[in-house]
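Reader: I am new to this structure. Could you take me through it in short steps?

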Amino acid sequence: MKLNEIIKSCGLELKNSAEDMDCDVTGGYSSDLLSDVMANAKDGNVWITLQTHNNIVAVAVLRNLAGIILVNGREPEESTLAKAKEEGIAVMSTPLSTFEIVGKLYGLGIRG
Amino acid sequence: METKFDKTVEILFELKVADVMRKDIISIGPSDMMSQLKKTLQERRISGLPVVKGSNLVGVISIEDLIRWLSDGDADQRVEEVMSKNPQCLYADQPLIHAVKKFDQFGFGRFPVLDRESGKLVGIITRGVIINGTLKKLEKEYKEEEIRQYRASHFFGDISADQKKVTLKFKISGKDFDNAGKASTTMKKNLKRMGIQPDIIQRAAIASYEAEMNVVIYTNGGVMQYTITEDKLSLNVTDSGPGIDDIEKAMQPGYTTSESWVKELGFGAGMGLPNIKKCSDKMDLQSEVGKGTTLKIEILIGEDHEVK
């Protein structure tokens, strides 16, 4: 499934566009521990987290993630958006909790 | 269409109609008036539309139909009286080559795209959309091929010397979370430029990030030095304290000495050093309390080590 289709289907608010919004999302990973994401997320995964500070962008760049979804209506910090823009990383936000958004994504066929 | 099997034809087989079709469909209803059609075509600068009732396709109408209607000079009429019924369609799951053949066969400007199961209209396809989609895919494949071919051996192959070595050095500030990860992301981009294999880059990026974060979280600052030769990537990280009391303990997954505010940011979960070890072919950690820590890792990049 493509990133922009996921945004549409889940009603995500796009905070920053990626270079390629048409990219295929290979799966998903949910964690608030950055080392855990580095170790266990896979290339092209979408990452669901409540962390909003700018280090999440570095993790997404280094781990080749398709994008970051912030939960519970959290807003990315200003420095996070600036960095995401610079690196071309998609940042999205949802009012749903981690549990709910992961369930929705799973329903769309996104797997871990 | 020629039967010659070149790259473009291959792409036309690989891509599905759904990959390139326009999903933002502009349509008109069967009971709308022709004057309305004229307005829509003018405003949207398009030359034809699907005629839709509910979400079912009932016909197509084009600028040719409009011209015919205009030249007949009739009074305003309903679209369904002028449109072509039972239009030629494509299915979303068909290879793009079917669409190309259909354009050649019928000479129409567009085809409605239906979902095979529900029979509902899901998109529209024009020659322009096919060209864009094919070019995009060609560009993507070209880029991937370029990266794949330009290996580290090529980078070093262009340089002649008895010994070839590239060294990159970064200063890391302790507790500076705003710039944390910068050295690792910069290094990753450089490795990409050098054409190092993607799986090697990935392992180097993870190990480097964890090492960098350790310096940021636990120390007052340090230096990271990457050395790339034809057969391996070495990373040397040094800091000036406080040092690790018990290295064996520090290497255990889950063991951490970080403060709670650091943990709240998602760091300090006791996974850093185990992550580094997992990504390295060789790892050496030396530390003296009060003096500092030196971490040395090696990742092999020779052709034999492409898949670990």
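Author: First, a term: two strands pair if DSSP finds at least two bridges between them. Note also that this is a predicted model.

Reader: In what order do the five strands of the open sheet in chain B stand?

Author: The sheet is open, and its pairing is antiparallel. Neighbouring strands in this sheet are turned by 10° against each other on average, direction ignored. The order is β7-β8-β9-β11-β10 (chain B).

Reader: Which strands stand at the edges of that sheet?

Author: An edge strand here has a single partner strand, so one side of each is left without a neighbour in the sheet. The two strands in that position are β7 and β10 (282-288) of chain B.

Reader: How many bridges join β8(B) to β9(B)?

Author: β9 of chain B covers residues 232-239, and the two strands run antiparallel. One of the pairs is Thr227(B) with Ser234(B), the latter in β9(B). The number of bridges joining β8(B) to β9(B) is seven.

Reader: At about what angle does α9(B) run to β7(B)?

Author: Helix α9(B) lies across two strands, β7 and β8 of chain B. Its angle to β7(B) is about 165°.

Reader: How far apart are the end C-alpha atoms of helix α9 of chain B?

Author: The helix has twelve residues, 182-193. At 1.5 Å a residue, they should span 16 Å. The model agrees with this, because the end C-alpha atoms are apart by 17 Å.

Reader: Which residue with a positive phi follows α9(B)?

Author: The phi in question is near 80°. The residue is Gly195(B).

Reader: Which element of chain A do the buried residues of α9(B) pack against?

Author: Ala183(B), Ser184(B), Thr185(B), Met187(B), Lys188(B) and Leu191(B) are buried in this helix. Within chain B, the buried residues pack against β7 (166-173), α10 (198-218) and β8 (221-228). In chain A, they pack against α3 (55-62).

Reader: Which element supplies the largest share of the side of chain A that touches chain B?

Author: In total, 15 residues of chain A are in contact with 18 residues of chain B. On the chain A side, α2 (34-40) and α3 each supply at least two residues. The largest share is five residues, and it comes from α2(A).

Reader: How many residues on that side of chain A are charged?

Author: Seven of the residues there are nonpolar. Six are polar. The charged residues number two.

Reader: Which element gives the largest share of the largest nonpolar core?

Author: This core has 68 residues. Those with the most contacts inside it are Trp47(A), Ala60(A), Ile68(A), Ile69(A) and Ile89(A). Beyond its neighbours within four places in sequence, Ile89(A) is in contact with residues including Val57(A), Ala60(A) and Ile68(A). The largest share of the core, 13 residues, comes from α10(B).

Reader: How many residues does the second, separate core have?

Author: Val17(B), Met21(B), Val113(B) and Ile130(B) are among its members. The second core has 15 residues.

Reader: What pattern does chain A follow along its sequence?

Author: Chain A has five helices and five strands. Of its 112 residues, 43% count as buried. Read along the sequence, the pattern is α-β-β-α-β-α-β-α-β-α.

Reader: What percentage of the residues of chain B count as buried?

Author: Chain B comes to 13 helices and eleven strands. Residues 24 or more positions apart account for 63% of its contacts with a separation of 6 or more. Of its 308 residues, the share that count as buried is 29%.

Methods:
Residues are numbered from 1 along each chain as its sequence is written. Chains are lettered from A and ligands numbered from 1 in the order in which they are written. This is a predicted model: local features need pLDDT of at least 70, side-chain atom pairs count only at pLDDT 80 or more; totals for chains, interfaces and linings use all residues. Helices (H or I, at least four residues) and strands (E, at least two) are DSSP runs, numbered from the N terminus. The expected span of a helix is 1.5 Å times one less than its number of residues. A residue is buried if 20 or more other C-beta atoms lie within 10 Å of its own, exposed if 12 or fewer, and partly exposed in between; C-beta atoms are placed from the backbone. Two residues are in contact if their C-beta atoms, placed from the backbone, lie within 7 Å. Ala, Val, Leu, Ile, Met, Phe, Trp, Tyr, Cys and Pro count as nonpolar, Asp, Glu, Lys and Arg as charged, and the others, Gly among them, as polar. Axes are lines fitted to C-alpha atoms, for helices over the stretch in contact, and angles run from 0 to 180 degrees between N-to-C directions. A nonpolar core is a set of buried Ala, Val, Leu, Ile, Met, Phe, Trp, Tyr and Cys residues joined through C-beta atoms within 7 Å.
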